[in-house]
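Welcome, and please open the structure in your viewer. We will go from stop to stop, selecting a few residues each time and saying what is there.

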Amino acid sequence: MMQALSVIGYLVLAPLAGGLLDGLDRIISARMQRRKGPPLLQPFYDLGKLFSKQMIAVNNVQMLLNLSYLVFLAIAGSMLFAGKDILMCLFILSTADMFLIMAASSDSSPYANLGAGREMIQMMAYEPLTLLVAVGFYLSTGSFQVSDIMASPVSAVMYMPGMLLGFMFTAAIKFRKSPFDLSTSHHAHQEMVKGLTTEMSGPTLAIMNIAEYYEMILILGIFCLFILNENWWSWPLAIGVCLLTYFLEILWDNACARLKWKTLLYSCWFVTLLFGGVNLLILMLLK
């Protein structure tokens, strides 16, 4: 029963929570830049405007691929919040990203195709650490099941501090924050116009935005998993860590310029080896 309620709660509330975080992001970014910024509910106004526009697709499959991106993200998040296998959850998350890449590659726009190529490079940058995080959870708790990880007597971060720091570093890619916003961006500073979303408009772009809200809550849910344990006080602590992490990502976004793709790749792999690899080696020695 609780699993079903958790899944329903994620499917219904994740877009709302993601939209509110996006609105808060815009306000905080504006304050950092000494601007007033939009209202908190501006992301929902934008979605309403996009859905009200005429449906214009560059081909017959782009909308289907975008819907597949949304559905697979919803499935991945539902598995996480239902307490299922985190490794399978991460595999489905990677599958969702592939549908986004195919959606961008399905038209003839050079900007969208270049953005799709850069999205592939970003996947190569963050996927190794993501898989190491799943292995780290297994070595720390003896299980890939999210419910077992949450029921551990000690928070996983006690065994995985390096992986948490590395995951915070690579999460900027998933949140599409500078300096890692190579394939597309929420801000008007891309040399590729809007990268892989250049040819998306109206309801197609709205679905893409909703999918990103699902993904945002999913990534924050993984951050919570580092902190949660069998004690009740771990829940407010985990939420506080998530909010602090998201604020640091916003700060990093406004303080850094976008990097070149080679710098992105090398820096993420360096962080993976240094923080993830060393942490994994220590875990293997301890267990």
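## First stop: a glutamine in helix 3

Select Gln62, which is found in helix 3 (residues 62–81). Helices here are DSSP runs of H or I with at least four residues, strands are runs of E with at least two, and both are numbered from the N terminus. Before going on, note that this is a predicted model: local features need pLDDT of at least 70, side-chain atom pairs count only at pLDDT 80 or more, and totals for chains, interfaces and linings use all residues. Residues are numbered from 1 along each chain as its sequence is written, and side-chain values use heavy atoms, with hydrogens and water left out.

Is Gln62 buried or exposed? Gln62 is buried, with a relative accessible area of 1%. In this tour, buried means under 20% relative accessible area, exposed means over 50%, and partly exposed is in between (1.4 Å probe, protein chains only). Now show what surrounds Gln62: leaving out residues up to four places away in sequence, it touches Ala103, Ser106, Asp107, Glu199, Met200 and Thr204. Contact means heavy atoms within 4.5 Å.

Next, select helix 1 (residues 2–32) and look at Leu13, where the helix bends by about 45 degrees. The bend at a residue is the angle between axes fitted to the seven residues ending there and the seven starting there. A proline, Pro15, follows within four residues.

Move on to Arg34, in the loop between helix 1 and helix 2 (42–52). Arg34 is not a glycine, yet its phi is positive, about 60 degrees. Most residues other than glycine have a negative phi, and most peptide bonds are trans. Arg34 is exposed, with a relative accessible area of 83%.

## The loop between helix 7 and helix 8

Select Arg176, which lies in the loop between helix 7 and helix 8. Arg176 also has a positive phi, near 60 degrees, in a residue other than glycine. Arg176 counts as buried, at a relative accessible area of 5%.

Pro179 is found in the loop between helix 7 and helix 8 as well. Show the peptide bond from Ser178 to Pro179: it is cis, with omega near 10 degrees.

## Aromatic rings

How many aromatic pairs does a search of the whole structure find? The search finds 11. Rings of Phe, Tyr and Trp (its six-membered ring) pair if their centres lie within 6.5 Å; planes under 30 degrees apart count as stacked, over 60 as edge-to-face and the rest as tilted.

Select Phe137 and Phe226: their ring centres are 5.0 Å apart and their planes are at 50 degrees, so the pair is tilted. This pair links distant parts of the chain, with Phe137 in helix 5 (residues 110–141) and Phe226 in helix 8 (residues 202–227), 89 residues apart. Phe137 is buried at 0% relative accessibility, and Phe226 is buried at 0% too.

Then select Phe169 and Trp252, whose ring centres are 5.4 Å apart with planes at 45 degrees, so this pair is tilted. Phe169 is in helix 7 (residues 161–174) and Trp252 is in helix 9 (residues 234–255), 83 residues apart. Trp252 counts as partly exposed, at 23% relative accessibility.

## The nonpolar core

A nonpolar core is a set of buried Ala, Val, Leu, Ile, Met, Phe, Trp, Tyr and Cys residues joined through side-chain atoms within 4.5 Å. The largest one has 80 residues, and Tyr69, Val133, Phe137, Met160, Phe223 and Phe226 touch the most other members. Helix 8 gives the most to this core, with 18 residues.

Return to Phe137 and show its contacts beyond four places in sequence, including Ile86, Ala156, Met160 and Leu225.

## Last stop: two cysteines

Which residue holds the cysteine sulfur closest to that of Cys256? It is Cys268, at 13 Å, too far for a bond. Cys256 is partly exposed at 28% relative accessibility, whereas Cys268 is buried at 0%. A search of the whole structure finds zero disulfides, a disulfide being a pair of cysteine sulfur atoms within 2.5 Å.
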